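Work through the exercises below with the sequence and the structure open.

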Amino acid sequence: MSKELEPLSDPGLPEHIHRRADTDPIAAKRAEQQVAILFSLSALGTVLFIYSFFFVKEDVFIFLPILGNTNAHQLGIGLGMAAGLFFIGIGAVHWAKTLMPDQEVIAQRHEFKSEPEDRDAFVKAAKEGAEVAGLGRRPLIKRTLIGAAALAGLPAVFMLRDLGPLPGKELEKTNWKSGTRLVTDPGDRPIKASDLEVGAVAQVLPELLPGQKRTLEDIGKDAVLLIRLRPAEFQLDEERLSWTHEGIIAFSKICSHMGCAVALYEQTTKHLLCPCHQSTFDVTRAAKVIFGPAARPLPQLAITVDAEGNLIAKQPFTEAVGPSFWERSS
Amino acid sequence: MKFISKYRRHKFATPLLLVIALSALGFTFSAATAAPASNSMSASAKSTLVEEGQTIFLKGCSSCHGLNAEGGAVAPSLIGVGAASVDFQVGTGRMPMQDMSQQAMRKKPVYNEEQTAALAAYVASLAPGPASLKNEEITWERDGNTADGGELFRNNCAMCHNFAGQGGALTQGKYAPTLMGVEPKHIYEAMITGPQSMPVFSDKIITPQEKLSIIKWIKAAESEPNLGGASLGRVGPVTEGLLIWVFGLGLLIGIAVWLTAKAR
């Protein structure tokens with residue numbers, strides 16, 4: 001091939017430029033001192049670590065600008081360890097960059113395949129080993145080994161099975177039944193309508209039946225927020241209005257977006273916010289979503305009072321509470 | 001008794017008896033009214049307090065809240081909000097507001113304690129409402145339970161005021177203020193009156209004893225030392241993330257640039 005047809009000529013290695021420390025002994029001496037200083041700083045850091053660990057009391061606080069009052073014990077340990085490790089690294093790199101040889105070296109690649117003699121020797125050794133172990137002569141050992149190895153894989157299958165079964169209708173059910181009393185969370189005290197002033201809120205859960213226990217999973221589905229407004233402030237349809245009681249309205253506290261506890265209630269705007277992703281629900285319009293990523297209003301719990309005047313659920317939730325899931329029917 | 005029978009027809013007997021009877025009547029009356037005397041005093045003092053409060057109100061508050069505290073286009077009615085509400089709003093410097101922005105900010109109170117008490121007395125005289133409290137009445141140290149308070153706080157307060165009581169954002173520039181360094185009576189008054197965006201926490205829903213527990217927890221959080229080093233505002237991933245992304249990553253980028261730079 002002629003030289004004119006070559007699209008790119010091999011530029012070769014760039015010209016080696018010597019560093020100042022390679023040619024100037026004073027610069028080399030200075031670089032050496034710099035590396036030594038960095039290593040010494042590392043040593044000081046380690047000493048600071050040990051000193052802080054043993055001799056700085058844990059209740060000593062020092063004031064640092066921006067950071068404020070900071071625990072001296074922890075600060076000394078942290079800074080000491082950071083300096084101890086950081087300056088060793090910095091020193092080593094500075095040493096390598098300024099003083100260690102930086103001549104470009106060409107290392108040729110070679111074949112990865114082993115020599116033929118070595119390969120033959122390995123095959124021979126493996127065959128001899130199998131012969132001595134007597135796998136071919138002792139079928140009992142061979143079969144039980146295969147059986148054991150196959151069984152050993154089974155637990156993995158069981159463990160994967162633990163991902164199921166699918167929840168089915170479980171997620172749609174809560175502990176709210178028709179007539180379940182609303183009780184304060186925490187405290188488990190029944191609530192009368194007169195207990196709530198206009199503008200008041202209450203975190204409530206369904207009352208426990210005797211012998212019943214409440215799990216975190218239950219609270220995760222049952223948590224409800226009671227809010228009292230002036231009845232005139234509602235803009236609800238007939239049915240939803242009948243679900244309220246004297247201005248008291250109840251919503252599931254579990255966000256329909258990702259299931260955070262929606263309880264950030266602004267009394268002035270009557271807006272209910274989710275602290276996780278700022279979904280905003282309008283309480284006066286049955287928790288209609290007015291901002292944010294939530295796709296559905298919060299489920300409303302129909303409430304009324306029993307003979308003693310305590311607030312009770314009129315009926316269970318009419319839809320699944322919380323975020324969407326594959327099997328959700330509504 | 002001979003003495004009486006001997007002198008009962010004396011000419012001075014009747015005037016003397018009259019004097020004795022009248023004095024007795026007078027002393028009995030003054031003794032009987034001795035205790036309520038201070039009451040009637042304080043009643044009159046109260047009415048002067050109300051008058052004083054009304055004067056301050058007309059000067060400082062009525063331009064927004066109306067001449068009779070009936071409220072206006074920019075400010076709510078104060079009828080029935082009670083002395084507690086006034087003590088909180090004026091005592092923390094939130095009212096009078098600095099400007100017409102979304103948030104009534106906590107600042108140095110404009111009115112001193114007596115003036116605040118007068119204003120509270122005036123507003124309380126309009127219609128009954130929650131009474132204001134004194135710090136001595138809030139016996140959180142004695143009656144509160146920090147663990148209960150923590151549970152109540154996480155359930156009722158943390159969503160707005162942050163899990164460590166540092167405050168947090170609401171909508172359209174409003175925010176829930178930090179609870180650090182707030183007087184116990186102001187925390188209590190806020191819970192019973194529901195100032196600004198905050199809802200009311202009724203005494204039946206969170207009992208007075210539970211309210212003291214919440215205050216005790218807040219005070220415990222306030223004095224919690226930062227054993228792990230700098231607190232970074234105790235707002236969680238926001239400042240921690242900012243620090244690590246800006247300074248941590250910045251440092252790493254700087255090191256990477258230095259590592260690959262050729263020494264001269």
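Two residues are in contact, or touch, if their C-beta atoms, placed from the backbone, lie within 7 Å. The model is predicted: local features need pLDDT of at least 70, side-chain atom pairs count only at pLDDT 80 or more, and totals for chains, interfaces and linings use all residues. Residues are numbered from 1 along each chain as its sequence is written, while chains are lettered from A and ligands numbered from 1 in the order in which they are written.

**Exercise 1. Describe the surroundings of Tyr111(B).**

Step 1. Leaving out residues up to four places away in sequence, Tyr111(B) touches Ile56(B), Val90(B), Thr116(B) and Leu119(B).

Step 2. Tyr111(B) sits in the loop between helix H5 (82–91) and helix H6 (113–126) of chain B. Helices (H or I, at least four residues) and strands (E, at least two) are DSSP runs, numbered from the N terminus.

Step 3. Assign the exposure. A residue is buried if 20 or more other C-beta atoms lie within 10 Å of its own, exposed if 12 or fewer, and partly exposed in between, with C-beta atoms placed from the backbone. Tyr111(B) has 18 C-beta neighbours inside 10 Å and therefore counts as partly exposed.

Step 4. Check a partner in space. Gly93(B) is 18 residues from Tyr111(B) in sequence, and their C-alpha atoms are 8.0 Å apart. Gly93(B) follows H5(B) and has a positive phi, near 80°.

**Exercise 2. Decide how far H5(B) is enclosed.**

Step 1. Count the buried residues. Ten of the ten residues of H5(B) are buried, so this helix is largely enclosed by the rest of the structure.

Step 2. Name some of them. Among them are Asp87(B), Phe88(B), Gln89(B) and Val90(B).

Step 3. Find the cover. H6 and helix H10 (184–193) of chain B are included in what covers the buried residues of H5(B).

**Exercise 3. How many residues of chain B are in contact with chain A, and of which classes?**

Step 1. The contact joins 28 residues of chain B to 38 residues of chain A.

Step 2. Helix H8 (146–156) and helix H9 (158–161) of chain B each supply at least two residues to the chain B side. H8(B) gives the most, with four residues.

Step 3. Sort the chain B side by class. Ala, Val, Leu, Ile, Met, Phe, Trp, Tyr, Cys and Pro count as nonpolar, Asp, Glu, Lys and Arg as charged, and the others, Gly among them, as polar. This side has 14 nonpolar, eleven polar and three charged residues.

Step 4. Look at H8(B) itself. Its buried residues include Leu152(B) and Phe153(B). The buried residues of H8(B) pack against strand S4 (201–206) of chain A, together with H9 and helix H11 (208–222) of chain B.

**Exercise 4. Identify the residues with the most partners in the largest nonpolar core.**

Step 1. A nonpolar core is a set of buried Ala, Val, Leu, Ile, Met, Phe, Trp, Tyr and Cys residues joined through C-beta atoms within 7 Å.

Step 2. Of the 89 residues in the largest such core, Leu226(A), Val262(A), Ile303(A), Ala121(B) and Val123(B) touch the most other members. H6(B) provides the largest share of this core, eight residues.

Step 3. Follow one of these residues. Leu226(A) touches, among others beyond four places in sequence, Leu182(A), Val204(A) and Ile248(A).

**Exercise 5. Trace the five-stranded open sheet of chain A.**

Step 1. Two strands pair if DSSP finds at least two bridges between them. The order is S3-S4-S5-S6-S11 (chain A), with antiparallel pairing.

Step 2. Strand S3 (182–184) and strand S11 (300–301) of chain A are the edges, each pairing on one side only.

Step 3. Two bridges join strand S6 (residues 248–252) of chain A to S11(A). In S11(A), Gln300(A) is the bridge partner of Phe251(A).

**Exercise 6. Is chain A compact or spread out?**

Step 1. Chain A has eight helices and 13 strands. Its radius of gyration (taken over C-alpha atoms) is compared with the globule rule, 2.2 Å times the number of residues to the power 0.38. The radius is 37 Å, well over the 20 Å that the rule gives for 330 residues, so chain A is more spread out than a compact globule.

Step 2. Compare the domains, whose bounds come from an automatic or database domain assignment. Chain A is assigned domain 1 (20–98) and domain 2 (173–313). Their C-alpha centres lie 57 Å apart.
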